[in-house]
Amino acid sequence: MQTTAAVRGLSCTACGESVDPGIERCPDCGGVLVVDFDADAVDGPADAHPFPPGTTVSIDEGATPLVPVPELADELGVGGVAIKDEGRNPTGSLADRKLSPAVSAAVADGAERVGTPSPGNGAQSAAAYAARAGVDSKGFVPSRCPFLNKAMVNVHGGDMYVVEGRYADAVEAFADSDEPLTSVAPGHPFRIAGAKALALELLADRESTPDAVVHPTGHGETVLGLERGFALAADAGLADAVPRIYAAQPADCAPIATAAADGETEPGPVDHPDTIVGPLEVPDPAAGRAALDAIAATGGDGVAVPDKEILQAAVDGCEMGPEVGATGGTGIAGVRALADRGAFDADEEVVLVNPVAGSKEADLLRSHLMSQGM
């Protein structure tokens, strides 16, 4: 596997073991692996991509806008708020940043078919990047996966197994499958590398390091990638500090947020998840423990917010800034709850990550408005 000169290899977030690229989980303890970069070789966001440009499977993901939202800043009583709008990626979600390097790694290892379980957006993204690379793909999705995601998996030429039940059932079906698939599943080290690049790009968007970053969280791999990316930037002299990272989750499926708020080091699986925010209904997060370590390392926290507040926050967000759906609304509801409990000082700068284009979840927002008689 040909990586850039900045890549030193992989390391385990749990036991610290160093391994060569090509392994998905730590062979010693099963922990989450991350790509290690040489800070001396990193001068900006482009250097946080693990593969040379000619070998990267790309659809021009990234370079998303950071949109100031002064009205929200005034409401929260902070110095500034901006939304990093990841809905502007090619398939409309942050998943593109992660599937680009993950599919690139699979192709570099000779994969002819990649696969992943997904609530929806990851399967769509994997299908798009696999098609770009000229390989096959298969997504394992729950029956409640949005029609848009299912349709676009097929439009991109991907195969799909629709599993009766919820996301946990799709994960089980993927794990039990004996098909010849190369995994690009959540928790993959090169998916996490894509989130590292997001951190460096976010810093490049600004004149100063933000004080806090709030991320709507599912598996926790982006929380982990953001923390490692900010730490890499600090080591490389591109940031003067590592922002506090806050994981926002729906109240009825908040394993990471609840564990973080309670000071736990391991998230407990949610037995009966039930949230309208499909992309975040992840009861047993693949990178949960590593995400909690990342949150603790930054002095951040978790916040769980009810679906009703999430939907209203999404509608409010669309009036104040870029279009967000229920997933992005989780971040807005979360930052409101955090402000209410005094998480931010009056002069602090806060960044929210919007992981999914609002138009992909428009039916949820319209239903919310109709329930209010609008």
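A salt bridge is taken here as a side-chain nitrogen of Lys or Arg within 4 Å of a carboxyl oxygen of Asp or Glu. The structure is a predicted model, in which local features need pLDDT of at least 70 and side-chain atom pairs count only at pLDDT 80 or more, while totals for chains, interfaces and linings use all residues. Residues are numbered from 1 along each chain as its sequence is written, and side-chain values use heavy atoms, with hydrogens and water left out.

With this rule, the model holds 19 salt bridges. E227 is buried at 11% relative accessibility, whereas R228 is partly exposed at 26% (buried means under 20% relative accessible area, exposed over 50%, and partly exposed in between, with a 1.4 Å probe and protein chains only).

Other pairs reach across the chain. K84 forms a salt bridge with D205, their closest N and O atoms lying 2.6 Å apart. Because K84 sits in strand 5 (residues 80–85) and D205 in helix 6 (residues 189–205), this pair ties together parts that are 121 residues apart in sequence. Helices (H or I, at least four residues) and strands (E, at least two) are DSSP runs, numbered from the N terminus. K84 is buried, at 0% relative accessibility, and D205 is partly exposed, at 36%. Both residues also belong to a network of salt bridges that links K84, E86, R97, E201 and D205.

A further bridge connects E349 with R206, where the closest N and O atoms are 3.9 Å apart. E349 lies in strand 13 (residues 349–354) and R206 in the loop between helix 6 and strand 10 (212–216), so parts 143 residues apart in sequence are tied together. Here E349 is partly exposed at 26% relative accessibility, and R206 is buried at 18%.

What about empty space inside the model? Rolling a probe the size of a water molecule over the atoms shows where such space is left. A cavity is a set of points, on a 1 Å grid over the protein atoms alone, where a 1.4 Å probe fits but cannot get out, and its lining residues have an atom within 4 Å of a point. Grid points are joined across faces, edges and corners, and a volume is the space filled by probe spheres set on the points. The count comes to one cavity of 30 Å³ or more, and the largest cavity has a volume of about 360 Å³. It is lined by 28 residues, of which A95, K98, R191, E221 and P279 are the closest to its centre. Among the elements giving two or more residues to this lining are helix 2 (95–108), helix 3 (121–133) and helix 7 (221–235). Helix 7 provides the largest share, three residues.

Turning to the strands, four of them form an open sheet in the order 8-7-6-9, with parallel pairing (two strands pair if DSSP finds at least two bridges between them). Strand 8 (159–163) and strand 9 (182–183) stand at the edges with a single partner strand each, so one side of each has no neighbour in the sheet. Strand 6 and strand 9 pair in the parallel sense over two bridges, and G115 stands opposite S183 in strand 9.

Technical notes: 1 Å grid on protein atoms, 1.4 Å probe; cavity = no way out; pocket = protein on both sides within 12 Å on 5 of 7 lines; lining within 4 Å.
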